Amino acid sequence: MGCNTGKQLKVERVGKAGKCDKDKYRDENKLLAKEENKDFHQTMSFLANVQLFKGLPRDEHPMLAMACVACTYMSGQVVIQQGDTGSEFFVIKSGEASVTVESGGKTAKVATLTMGDYFGESALLRDEPRSATITADSELVALKITREKFKERGLNEKLQFVNRKAVGAGGKRKLSTKPPTPKSPAEEALIAAALRNNENLQAVISLDEARTKAMIDVAWKEKVAAGTNIITAGDLRADYFYIVQEGSFEVHVEEHPELEGPPRASAMGGTRDTSVTRVGKGDSFGELALLYLVPRAATVQAMTDAIVWVIDRLNFKKIMMRASDAKIREYVAYLEKVEILAPLLAEERLAVAEALTEVHFVKNEVVLQEGEPGSTFYILYEGEVSVCKEGVEQTRLSASQGRGEARFFGERALLNNECRMATVTVTSERAKALVLDRDSFDLLLGPLEDIIKSSQAASGPRSSMVGMGMPRQGKAAGDPRPRDRKIKKSELNKVGLLGCGGFGVVELMEHRETKETYAMKALSKGYIVKTGMQESVMNEKDILLMTSSPFIIRLWETFNGYQTLYFLLEPALGGELYATYNRKGLHGSEAHAKYYVAGVIEGFAHMHERRIIYR
């Protein structure tokens, strides 16, 4: 087993080699830091798609990722042992694991866990023996969180685990699947419609045509006799999703079974139902089983003899993983047809494909407005749009995912902020597009115009720009100073102390020649490392560089000292708003309230455009 607790940066040693050794260590540290940052963002992306963490605010994801340690287990290796006392929780990143329970001298396999499943959550809250043994069935990569880190990050107050029984505790079962049943066109259409119409599924996953077809292919048919409970509330055997072909079922939903454990008895001695729903032909139920291991939230009973189609959770997850890779390859094929992106290397094109975001539009929605500045590039892959100039339709663009046809518009926005040349409006009932904004492109690869120039000037193969991107530094709105003007630390004179904080001090600085003033924030490297806030500091720098608004403090420059990091910031010399209100007696003034609230909203809007969430 190997647990990666983070790559260790090398300590600089300046001996006889002097500056050469120092430069060598610095370059090696840069490469290690870049690799660590890439791993960190991949971990955040993975955790964001784990169902358990979907309710966690996005701004908490960095804290969650920092609490995780990646561990690898070989096939046959035991991750946790029944009866042992543990203090660690695991989320499976890749591979599969078996859950076995020993009872009465016999060991039985009760479940199989795969990507996105979690186990050991009780250990985060209290000391108690493990209720089952988890063994790797293949090479298993899991993210581990200790109780100490979990509480240190405050996650115990922000996450709520489903109160499930021990994984398979007391059960003696294994996941049973059957060969797919041949289907008629009408049956395929019924299954496809049921998948599309299940709101819970659509809320958390994207079921495109390829994925839907794969789901149809693995489904098998089962007969259910009248009176049979096909699902029982509180049952952990939640491995199947059902689609009704014939017959009807009653769904009995009990009061908060996910929070209260097994169904509670009412005063009359029975279980207490809060609602009863009937489902029939074309309806579906049990979808949570496809996403993660939780107890059933309702009892579903056949009211008549019925026929259902069944999809098991392991097949479902395999399809989702396989389809995701196919989807990226499809995106790459789209990008290969965009002329302006021709200079990109294969690795760069793949990185851009992975960064694309899917958006949906409805009929008559305006995607682009003529005359407005734009920064977003669109790939239309489903639906139709009208392209108009000065109110006159010039052409229509039509795309079909089924036929592999895609259309592109707005690609020059990746180069500059020129005004849109036409208005693009959706004419079909719905339209789907993949989008990428210029800021994201720049952060990924750097400015596109630089890549084009580099490709034109290169006499041989050029190196990949993946991971070399930086935010485009332009002039901040409302400030005449260009942000790309280099300011040297030696050009600054100290004026006075502005304040002190946990990381260091903030001093007022004046530029020796221009007499412009700045706030210099000094951060102790030792304190940053001691508190494990390295990534947070780098995120602060990246986010500040991504913003350019009069409503957000601007970062002009950063400096790296031997013991200290320095942020050269715009000074805010007006003091705290609370103190200003008290000093000037502004409480109750509607005009002042509107002014300050509007400033905050403008700042939020600017950040949200760049996919930055402030809390």
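This is a predicted model: local features need pLDDT of at least 70, side-chain atom pairs count only at pLDDT 80 or more; totals for chains, interfaces and linings use all residues.
Which residues does L335 touch, not counting residues up to four places away in sequence? Residues are numbered from 1 along each chain as its sequence is written, and side-chain values use heavy atoms, with hydrogens and water left out.

**View 1. Contacts of L335 and the largest nonpolar core.** L335 touches L341, R349, V352, A353, L356, F377 and I379, residues up to four places away in sequence not being counted; contact means heavy atoms within 4.5 Å. The largest nonpolar core has 24 residues, of which L335, L341, L344, I379, F441 and L448 touch the most other members. Such a core is a set of buried Ala, Val, Leu, Ile, Met, Phe, Trp, Tyr and Cys residues joined through side-chain atoms within 4.5 Å. Two or more residues each come from helix 8 (313–335), helix 9 (346–355), strand 20 (376–389), strand 24 (430–437), helix 10 (438–445) and helix 11 (448–457). Helix 8 supplies the largest share, four residues. Helices (H or I, at least four residues) and strands (E, at least two) are DSSP runs, numbered from the N terminus.

**View 2. The aromatic pair F90 and F119.** The structure holds eleven aromatic pairs. F90 and F119 form a stacked one, at 5.1 Å centre to centre and 15 degrees between the planes. Rings of Phe, Tyr and Trp (its six-membered ring) pair if their centres lie within 6.5 Å; planes under 30 degrees apart count as stacked, over 60 as edge-to-face and the rest as tilted. Because F90 lies in strand 4 (residues 88–94) and F119 in strand 7 (residues 118–119), the pair ties together parts that are 29 residues apart in sequence. F90 is buried, with a relative accessible area of 1%, and F119 is buried, with a relative accessible area of 1%. Buried means under 20% relative accessible area, exposed over 50%, and partly exposed in between (1.4 Å probe, protein chains only).

**View 3. T564 in strand 29.** T564 is found in strand 29 (residues 564–569). Its relative accessibility is 19%, so T564 counts as buried. Beyond residues up to four places away in sequence, T564 touches A522, L523, K525 and F559.

**View 4. K530 in helix 12.** K530 is placed in helix 12 (residues 525–530). With 72% relative accessibility, K530 counts as exposed.
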